[in-house]
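I opened my notebook for a short tour of this model. Here is what I looked up, entry by entry.

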Amino acid sequence: MTAPPRPRAARFATFMFFGLNGFAMGMWVVHIPNVERATGISHSTLGALLLVLGGAAFAGMQVAGPLVDRLGHRRLVPAAGILMGCAVCAPGFANSWWTLGLSLIFFGFGNGAIDVGMNSHAVVVERAYPRPIMAAFHAMWSIGGAIAAVIGAATLGAGVPTGVTLTGTGLVCVLLSVVAARFLMEPADAPAASSETAEPVVARRTPGRVVWLLGLLALALMLSEGVANDWAALHMEKGLGTSASTAALAYGAFAVAMTTGRFLTDRVAAWAGPAAIVRYGATLAAVGLTTAAAAPWVPVSLVGWALFGLGLSGGVPQLFTAAGNLDTRASGALMARVVGLGYVGLLAGPALIGGLTRWMPLNVTFAVPVVLCVLAAVFAGVLSPKPAPAKEPVG
């Protein structure tokens with residue numbers, strides 16, 4: 001079945017917003033060392049300010065959720081994109097800890113707002129399609145980050161001032177947000193798809209209870225992802241005694257496998273269902289991280305990190321889709337809870353592992369995300385639709 005032109009255009013616009021978000025975050029990340037030097041702050045102060053960034057993002061998610069239900073995607077999502085574009089410029093001109101902190105509050109808030117808005121819109125677009133398409137949007141976020149890494153490395157190598165690069169990044173975000181705004185859809189615009197994707201993924205359950213379970217599953221999986229982001233390379237370097245360049249391959253294997261898996265997940269989800277994606281993906285992630293942590297040789301450890309990324313790749317998009325479909329009248333607010341809890345896990349994971357290393361070796365601390373992945377596999381059944389009660393015969 002050929003998708004109508006409007007859903008196709010809305011899908012492209014959603015890809016654009018996911019890519020922009022990944023691009024803006026990536027450009028900020030690659031310029032963090034420059035910003036730290038320009039402001040003259042210590043590593044500990046930077047760490048505290050990054051927590052401020054995370055807290056502001058969480059606040060932006062909770063504000064944007066109800067607003068997207070009230071104002072609609074055509075207003076909220078472009079506004080969040082414009083806010084993010086304007087805010088990403090500011091850290092490039094910060095000259096003290098407090099100006100950087102103020103910049104990160106606005107940037108974090110805009111990032112959180114667009115995160116919820118674009119995910120909520122992705123659910124609306126997916127309802128118009130006869131197959132799952134959510135995971136590919138998340139893959140586009142990763143592609144945006146990869147593009148930022150390449151462009152950022154080039155501009156840094158050429159000596160372009162940080163403020164100039166981040167201002168250019170912001171202008172791109174603002175311009176494309178305005179262009180993409182006219183192609184966004186509202187729930188009433190989405191035609192009914194001839195598949196199960198048009199129905200709520202979690203059916204006939206109380207949204208208030210299920211949304212918290214979905215949020216806890218997102219927290220578990222994204223905490224595990226955060227551990228890989230911050231500790232994969234260090235584990236390879238310190239645990240296996242490799243060079244820094246070789247150690248970087250650990251995160252590279254994880255990131256490439258996760259991005260590839262997200263492009264493949266939608267096809268598998270259409271065949272196996274979202275519960276199977278979370279259940280078997282989390283199981284594979286647990287096996288992969290255990291392999292990476294216990295491997296005595298670099299190639300085996302790299303395989304483990306790749307399996308970890310592949311296993312985690314498809315779970316979170318399924319959880320976001322489920323949250324957005326619990327109640328179409330409050331899709332944004334429900335999604336804000338799940339996305340917010342997942343984001344808490346993403347921030348908390350690296351810090352938790354860092355704290356545990358005071359008492360045990362780094363590879364032993366990886367037991368925490370392994371256990372969380374196992375629990376996610378056990379409770380993945382929340383994504384299975386509950387059968388409708390049998391109707392009693394009339395007469």
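**Cysteines.** I looked for disulfides, taken as a pair of cysteine sulfur atoms within 2.5 Å, and the count came to zero. Cys86 is in no disulfide, and its nearest cysteine sulfur, that of Cys89, is 6.5 Å away. I then checked Cys89: it counts as buried at 15% relative accessibility, where buried is under 20% relative accessible area, exposed over 50% and partly exposed in between (1.4 Å probe, protein chains only).

**Ground rules.** I am working with a predicted model, where local features need pLDDT of at least 70 and side-chain atom pairs count only at pLDDT 80 or more, while totals for chains, interfaces and linings use all residues. Residues are numbered from 1 along each chain as its sequence is written, and side-chain values use heavy atoms, with hydrogens and water left out.

**Phe366.** I found Phe366 in the loop between helix H14 (362-365) and helix H15 (367-378); helices are DSSP runs (H or I, at least four residues), numbered from the N terminus. Is Phe366 buried or exposed? Phe366 is buried, with a relative accessible area of 1%. Leaving out residues up to four places away in sequence, its contacts include Val227, Trp231, His235 and Trp305, a contact being heavy atoms within 4.5 Å.

**Distance check.** I also looked up Phe366 against Gly144: they lie 222 residues apart along the chain, and their C-alpha atoms are separated by 28 Å.

**Leu102.** I placed Leu102 in helix H5, and at 44% relative accessibility Leu102 counts as partly exposed.

Methods. Helix = DSSP H or I, 4+ residues; strand = E, 2+ residues; numbered from the N terminus.
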